[in-house]
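Thanks for coming, everyone. Please look at the screen while I walk you through a few contacts.

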Amino acid sequence: MVRYHNAAAAPPLRNPFRLTARWLAGRGRFSRLVLSVLFGLLAVGALPPPPLVPLAVPAFVGFLWLLTGAPSGRAAFATGWGFGLGYFAGGLYWVTEALLTDTESFGWMVPLAVPVLAGGLAALGLLVAVGTALADSDNERARTALQAGEIVPLARVLSKVEELF
């Protein structure tokens, strides 16, 4: 075993979270889209039944790591849509079961229901992704507005409500 007396001579520690974040951030277009869909499907595991809530942590952290590596707004747009597509496609499986109660009338809708609904609702993932991608430029503006008193912190609002009631 090698002991280092000088901390500068020791090799840097390899943080697995940092390595994973860099690996996810460096993905190309297609793999970024596939991974975002998979992270969306993983996030569905946090929904009941059975609620496996700890699955939400790697799903959303992985999604955010993918967003941080998005080279452009268009890439962030696609990443958000992929996450929303996976999340809503996995979460809306029950719609097809409801349509199968009367197969003669609604059976033709089964192959279309989940993809169309999930594709449309994936626009919510787009909003989150584009907002996150543009957040770096807004941080300084928000900090300046808060210091100027233009924005009231939530803690102050809640303490005032508590005093009144």
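Start with Ala 25. Leaving out residues up to four places away in sequence, Ala 25 touches Arg 32, Trp 65, Thr 68 and Gly 69. Contact here means heavy atoms within 4.5 Å. A word on the source: this is a predicted model, where local features need pLDDT of at least 70, side-chain atom pairs count only at pLDDT 80 or more, and totals for chains, interfaces and linings use all residues. Residues are numbered from 1 along each chain as its sequence is written, and side-chain values use heavy atoms, with hydrogens and water left out.

Where does Ala 25 sit? Ala 25 is in helix α1. Helices are DSSP runs of H or I, at least four residues long, numbered from the N terminus. Ala 25 counts as partly exposed, because its relative accessibility is 23%. The scale: buried is under 20% relative accessible area, exposed is over 50%, partly exposed is in between, with a 1.4 Å probe and protein chains only. Now look across to Phe 63. Ala 25 and Phe 63 are 38 residues apart in sequence, and their C-alpha atoms are 9.8 Å apart in space.

Next, the helix pair. α1 covers residues 16–25 and α3 covers residues 56–68. They pack at about 55 degrees, axes 7 Å apart. That makes α1 oblique to α3. Axes are lines fitted to C-alpha atoms, for helices over the stretch in contact, and angles run from 0 to 180 degrees between N-to-C directions. Under 35 degrees is roughly parallel, over 145 roughly antiparallel, 65 to 115 roughly perpendicular, and the rest oblique. Who meets whom? From α1, Phe 17, Thr 20, Ala 21, Leu 24 and Ala 25 meet Gly 62, Trp 65, Leu 66 and Thr 68 of α3.

α3 has another partner. Helix α2, residues 29–44, packs with α3 at about 155 degrees, axes 8 Å apart. α2 and α3 are therefore roughly antiparallel to each other. On the α2 side, the contact includes Arg 32, Leu 35 and Phe 39. On the α3 side, it includes Pro 58, Phe 63 and Leu 66.

Last stop: α8, residues 123–133. Which residues are buried there? Gly 125, Leu 126 and Ala 129. Down the axis of α8, the buried residues fall within an arc of 105 degrees, so they line one face of the helix. That arc is taken from the directions from the helix axis to the C-beta atoms. The buried residues of α8 pack against α3, α4 (73–91) and α7 (110–121).

How values were computed: Helix = DSSP H or I, 4+ residues; strand = E, 2+ residues; numbered from the N terminus.
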